[in-house]
Amino acid sequence: MPPRLPTTSTPSAIARSIVRPFSTTTPAALPPREHDSAAGASNSRLANINNNRNHQQQGQQRRGDVASRLLARYKNRSNEYSREKAAQMDFLKNQKMSNDFLKQMPRRWEAGDVYSPHDLSPVEMQKWRKRSVRNNDVIDALGISPLDMYKNFSLIEHFTSPSGMINHSNLTRLRPVNQRKVAKMVRRVQGMGIYPSVHAHPEMLRDQFFQRRN
(Lines give C-alpha, C1' and ligand atoms only; values in the text may rest on other atoms or scores of the structure.)
Protein backbone atom coordinates (compact mmCIF):
# COMPACT_ATOMS: atom_id res chain seq x y z
CA MET A 1 0.00 0.00 0.00
CA PRO A 2 1.60 3.30 -1.04
CA PRO A 3 2.11 5.94 1.59
CA ARG A 4 -0.39 8.84 1.84
CA LEU A 5 0.63 12.41 1.19
CA PRO A 6 0.43 14.73 4.13
CA THR A 7 -2.40 17.30 4.04
CA THR A 8 -2.32 20.60 5.82
CA SER A 9 -6.07 21.35 5.68
CA THR A 10 -8.95 19.61 7.32
CA PRO A 11 -12.21 18.60 5.51
CA SER A 12 -14.07 21.49 7.10
CA ALA A 13 -11.58 23.97 5.73
CA ILE A 14 -11.87 22.42 2.28
CA ALA A 15 -15.70 22.67 2.42
CA ARG A 16 -15.53 26.30 3.50
CA SER A 17 -13.20 27.09 0.63
CA ILE A 18 -15.48 25.38 -1.92
CA VAL A 19 -18.97 26.43 -0.70
CA ARG A 20 -19.73 30.10 -1.14
CA PRO A 21 -20.83 31.77 2.04
CA PHE A 22 -24.56 32.77 2.18
CA SER A 23 -25.25 36.50 1.62
CA THR A 24 -28.44 38.48 2.26
CA THR A 25 -27.66 41.22 -0.28
CA THR A 26 -29.37 41.10 -3.70
CA PRO A 27 -27.07 40.38 -6.59
CA ALA A 28 -26.50 43.13 -9.11
CA ALA A 29 -28.63 42.82 -12.24
CA LEU A 30 -26.73 42.06 -15.36
CA PRO A 31 -27.26 44.31 -18.39
CA PRO A 32 -29.69 42.81 -20.99
CA ARG A 33 -28.18 41.11 -23.89
CA GLU A 34 -28.73 42.43 -27.38
CA HIS A 35 -29.99 39.18 -28.83
CA ASP A 36 -32.55 38.82 -26.00
CA SER A 37 -34.06 42.30 -26.70
CA ALA A 38 -34.22 41.58 -30.43
CA ALA A 39 -35.98 38.28 -29.78
CA GLY A 40 -38.51 39.99 -27.48
CA ALA A 41 -39.25 42.66 -30.07
CA SER A 42 -39.78 40.05 -32.77
CA ASN A 43 -42.06 38.08 -30.46
CA SER A 44 -44.10 41.20 -29.67
CA ARG A 45 -44.44 41.99 -33.39
CA LEU A 46 -45.61 38.45 -34.08
CA ALA A 47 -48.11 38.71 -31.22
CA ASN A 48 -49.43 42.02 -32.60
CA ILE A 49 -49.76 40.52 -36.08
CA ASN A 50 -51.64 37.53 -34.68
CA ASN A 51 -53.94 39.80 -32.67
CA ASN A 52 -54.64 41.95 -35.73
CA ARG A 53 -55.43 38.86 -37.77
CA ASN A 54 -57.74 37.59 -35.06
CA HIS A 55 -59.52 40.95 -34.90
CA GLN A 56 -59.87 41.03 -38.69
CA GLN A 57 -61.26 37.51 -38.75
CA GLN A 58 -63.73 38.35 -35.98
CA GLY A 59 -64.80 41.53 -37.81
CA GLN A 60 -65.27 39.63 -41.07
CA GLN A 61 -67.28 36.98 -39.25
CA ARG A 62 -69.50 39.63 -37.64
CA ARG A 63 -70.04 41.38 -40.98
CA GLY A 64 -70.87 38.05 -42.55
CA ASP A 65 -73.41 37.32 -39.81
CA VAL A 66 -75.07 40.73 -40.24
CA ALA A 67 -75.21 40.32 -44.02
CA SER A 68 -76.70 36.84 -43.70
CA ARG A 69 -79.35 38.11 -41.28
CA LEU A 70 -80.27 40.99 -43.61
CA LEU A 71 -80.44 38.62 -46.57
CA ALA A 72 -82.65 36.20 -44.65
CA ARG A 73 -84.94 39.07 -43.58
CA TYR A 74 -85.20 40.33 -47.17
CA LYS A 75 -86.02 36.82 -48.41
CA ASN A 76 -88.71 36.41 -45.75
CA ARG A 77 -90.30 39.75 -46.67
CA SER A 78 -90.22 38.95 -50.37
CA ASN A 79 -91.79 35.55 -49.72
CA GLU A 80 -94.54 37.11 -47.59
CA TYR A 81 -95.24 39.74 -50.26
CA SER A 82 -95.41 37.09 -52.98
CA ARG A 83 -97.78 34.97 -50.89
CA GLU A 84 -100.04 37.95 -50.15
CA LYS A 85 -100.07 38.93 -53.82
CA ALA A 86 -100.87 35.38 -54.89
CA ALA A 87 -103.70 35.18 -52.34
CA GLN A 88 -105.10 38.53 -53.54
CA MET A 89 -104.95 37.42 -57.17
CA ASP A 90 -106.73 34.17 -56.29
CA PHE A 91 -109.43 36.12 -54.44
CA LEU A 92 -109.98 38.47 -57.40
CA LYS A 93 -110.03 35.55 -59.81
CA ASN A 94 -112.62 33.69 -57.74
CA GLN A 95 -114.70 36.86 -57.36
CA LYS A 96 -114.66 37.46 -61.12
CA MET A 97 -115.65 33.86 -61.73
CA SER A 98 -118.54 34.10 -59.28
CA ASN A 99 -119.71 37.34 -60.91
CA ASP A 100 -119.62 35.66 -64.31
CA PHE A 101 -121.73 32.80 -62.99
CA LEU A 102 -124.20 35.25 -61.47
CA LYS A 103 -124.54 37.04 -64.80
CA GLN A 104 -125.38 33.73 -66.44
CA MET A 105 -128.11 33.15 -63.83
CA PRO A 106 -130.48 36.13 -64.04
CA ARG A 107 -132.88 34.57 -61.57
CA ARG A 108 -132.09 35.43 -57.96
CA TRP A 109 -132.78 32.57 -55.61
CA GLU A 110 -133.94 33.18 -52.07
CA ALA A 111 -133.83 31.03 -48.97
CA GLY A 112 -136.57 28.39 -49.07
CA ASP A 113 -137.02 28.32 -52.87
CA VAL A 114 -137.55 24.88 -54.37
CA TYR A 115 -136.23 24.26 -57.87
CA SER A 116 -135.83 21.38 -60.26
CA PRO A 117 -132.95 20.69 -62.66
CA HIS A 118 -135.08 22.09 -65.48
CA ASP A 119 -135.13 25.48 -63.74
CA LEU A 120 -131.36 25.74 -64.26
CA SER A 121 -131.53 25.10 -68.00
CA PRO A 122 -130.72 27.91 -70.49
CA VAL A 123 -134.29 27.88 -71.80
CA GLU A 124 -135.71 28.58 -68.36
CA MET A 125 -133.07 31.21 -67.63
CA GLN A 126 -133.93 32.98 -70.87
CA LYS A 127 -137.41 33.61 -69.50
CA TRP A 128 -135.98 35.51 -66.56
CA ARG A 129 -133.86 37.66 -68.87
CA LYS A 130 -136.93 39.22 -70.41
CA ARG A 131 -137.70 42.67 -69.10
CA SER A 132 -140.95 43.10 -67.32
CA VAL A 133 -143.43 45.45 -68.94
CA ARG A 134 -143.88 48.67 -66.99
CA ASN A 135 -147.55 49.25 -66.48
CA ASN A 136 -147.20 52.45 -64.44
CA ASP A 137 -145.96 54.75 -67.21
CA VAL A 138 -147.38 58.21 -66.48
CA ILE A 139 -147.01 59.45 -70.05
CA ASP A 140 -148.96 56.51 -71.47
CA ALA A 141 -151.57 56.77 -68.71
CA LEU A 142 -152.18 60.47 -69.40
CA GLY A 143 -151.90 60.08 -73.17
CA ILE A 144 -149.80 63.22 -73.63
CA SER A 145 -146.72 64.05 -75.67
CA PRO A 146 -143.75 65.11 -73.52
CA LEU A 147 -142.41 67.42 -76.24
CA ASP A 148 -145.57 69.54 -76.00
CA MET A 149 -145.37 69.92 -72.21
CA TYR A 150 -142.36 72.25 -72.13
CA LYS A 151 -144.40 74.95 -70.32
CA ASN A 152 -145.68 72.60 -67.64
CA PHE A 153 -143.12 73.33 -64.89
CA SER A 154 -144.72 70.98 -62.37
CA LEU A 155 -144.32 68.08 -64.82
CA ILE A 156 -140.71 69.06 -65.51
CA GLU A 157 -140.03 69.25 -61.78
CA HIS A 158 -141.40 65.72 -61.41
CA PHE A 159 -138.83 64.36 -63.89
CA THR A 160 -135.84 66.41 -62.67
CA SER A 161 -133.83 66.52 -59.46
CA PRO A 162 -133.59 69.59 -57.15
CA SER A 163 -130.26 70.42 -58.82
CA GLY A 164 -131.83 70.45 -62.32
CA MET A 165 -130.59 67.02 -63.51
CA ILE A 166 -132.81 64.55 -65.36
CA ASN A 167 -133.92 61.63 -63.20
CA HIS A 168 -133.08 58.08 -64.17
CA SER A 169 -135.72 55.75 -65.57
CA ASN A 170 -135.57 53.76 -62.32
CA LEU A 171 -137.11 56.80 -60.61
CA THR A 172 -139.42 58.01 -63.37
CA ARG A 173 -140.66 54.47 -64.19
CA LEU A 174 -141.06 55.40 -67.86
CA ARG A 175 -140.60 53.27 -70.92
CA PRO A 176 -137.37 53.88 -72.88
CA VAL A 177 -139.24 55.77 -75.61
CA ASN A 178 -140.99 58.11 -73.20
CA GLN A 179 -137.81 58.52 -71.13
CA ARG A 180 -135.94 59.75 -74.19
CA LYS A 181 -138.76 62.15 -75.07
CA VAL A 182 -138.82 63.60 -71.55
CA ALA A 183 -135.03 64.02 -71.54
CA LYS A 184 -135.20 65.76 -74.92
CA MET A 185 -137.91 68.09 -73.68
CA VAL A 186 -135.98 68.99 -70.50
CA ARG A 187 -132.80 69.72 -72.45
CA ARG A 188 -134.70 71.94 -74.86
CA VAL A 189 -136.35 73.91 -72.05
CA GLN A 190 -133.04 74.40 -70.25
CA GLY A 191 -131.34 75.39 -73.49
CA MET A 192 -133.96 78.06 -74.18
CA GLY A 193 -133.58 79.43 -70.66
CA ILE A 194 -137.18 78.80 -69.66
CA TYR A 195 -136.28 76.34 -66.91
CA PRO A 196 -133.11 76.68 -64.77
CA SER A 197 -130.46 73.98 -65.02
CA VAL A 198 -129.10 74.21 -61.45
CA HIS A 199 -132.25 74.39 -59.32
CA ALA A 200 -136.01 74.17 -59.51
CA HIS A 201 -138.14 76.83 -61.17
CA PRO A 202 -138.77 79.99 -59.07
CA GLU A 203 -142.53 79.40 -59.21
CA MET A 204 -142.03 75.94 -57.69
CA LEU A 205 -139.79 77.41 -55.01
CA ARG A 206 -142.33 80.13 -54.27
CA ASP A 207 -145.10 77.59 -53.87
CA GLN A 208 -142.83 75.54 -51.64
CA PHE A 209 -141.82 78.34 -49.27
CA PHE A 210 -144.84 80.63 -49.58
CA GLN A 211 -147.97 78.57 -49.72
CA ARG A 212 -151.06 80.18 -51.15
CA ARG A 213 -153.74 81.23 -48.73
CA ASN A 214 -157.31 80.29 -49.47
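## Exercises on a predicted helical chain

Aspartate 100 and lysine 96 both lie in helix α2, 4 residues apart, about one turn of the helix, where helices (H or I, at least four residues) and strands (E, at least two) are DSSP runs numbered from the N terminus. The model is predicted, so that local features need pLDDT of at least 70 and side-chain atom pairs count only at pLDDT 80 or more, while totals for chains, interfaces and linings use all residues. Residues are numbered from 1 along each chain as its sequence is written, and side-chain values use heavy atoms, with hydrogens and water left out.

**Exercise 1.** Describe the salt bridge of aspartate 100 and the exposure of both partners.

Step 1. A salt bridge is a side-chain nitrogen of Lys or Arg within 4 Å of a carboxyl oxygen of Asp or Glu, and aspartate 100 forms one with lysine 96, the closest N and O atoms being 3.4 Å apart.

Step 2. Buried means under 20% relative accessible area, exposed over 50%, and partly exposed in between (1.4 Å probe, protein chains only). Aspartate 100, at 31%, therefore counts as partly exposed, whereas lysine 96, at 54%, counts as exposed.

**Exercise 2.** Which salt bridge links distant parts of the chain, and which network does its pair belong to?

Step 1. Lysine 127 and glutamate 124 can be set aside, because both lie in helix α3 (residues 122-129), 3 residues apart, and glutamate 124 is buried at 14% relative accessible area. Their closest N and O atoms are 3.5 Å apart.

Step 2. In the salt bridge between arginine 175 and aspartate 140, the closest N and O atoms are 2.6 Å apart. This pair links distant parts of the chain, with arginine 175 in the loop between α6 (169-172) and α7 and aspartate 140 in helix α4 (residues 138-142), 35 residues apart.

Step 3. Arginine 175 is partly exposed at 31% relative accessibility, and aspartate 140 is also partly exposed, with a value of 40%. Salt bridges that share partners join Asp137, Asp140 and Arg175 into one network.

**Exercise 3.** Locate the largest nonpolar core and the surroundings of tyrosine 195.

Step 1. A nonpolar core is a set of buried Ala, Val, Leu, Ile, Met, Phe, Trp, Tyr and Cys residues joined through side-chain atoms within 4.5 Å. The largest one here has 13 residues, and those with the most contacts inside it are Ile156, Phe159, Val182 and Tyr195.

Step 2. Two or more residues of this core come from each of α5 (153-158) and α7 (176-192), and the largest share, 4 residues, is that of α7.

Step 3. With contact meaning heavy atoms within 4.5 Å, and leaving aside neighbours within four places in sequence, tyrosine 195 touches residues including Phe153, Ile156, Val189 and Ala200.

**Exercise 4.** Is glutamine 179 buried or exposed, and what lies around its side chain?

Step 1. Glutamine 179 is found in helix α7 and is buried, with a relative accessible area of 13%.

Step 2. Beyond its neighbours within four places in sequence, glutamine 179 is in contact with Ile166, Asn167, His168, Ser169, Thr172 and Leu174. A polar atom of its side chain lies 3.1 Å from the backbone oxygen of asparagine 167.

Step 3. Proline 146 is 33 residues from glutamine 179 in sequence, yet the two are 9.2 Å apart in space, C-alpha to C-alpha.

Terms used
A polar contact is a pair of N or O atoms within 3.5 Å; within protein, one must be able to donate a hydrogen and the other to accept it, and residues adjacent in sequence count only if both atoms are side-chain atoms.
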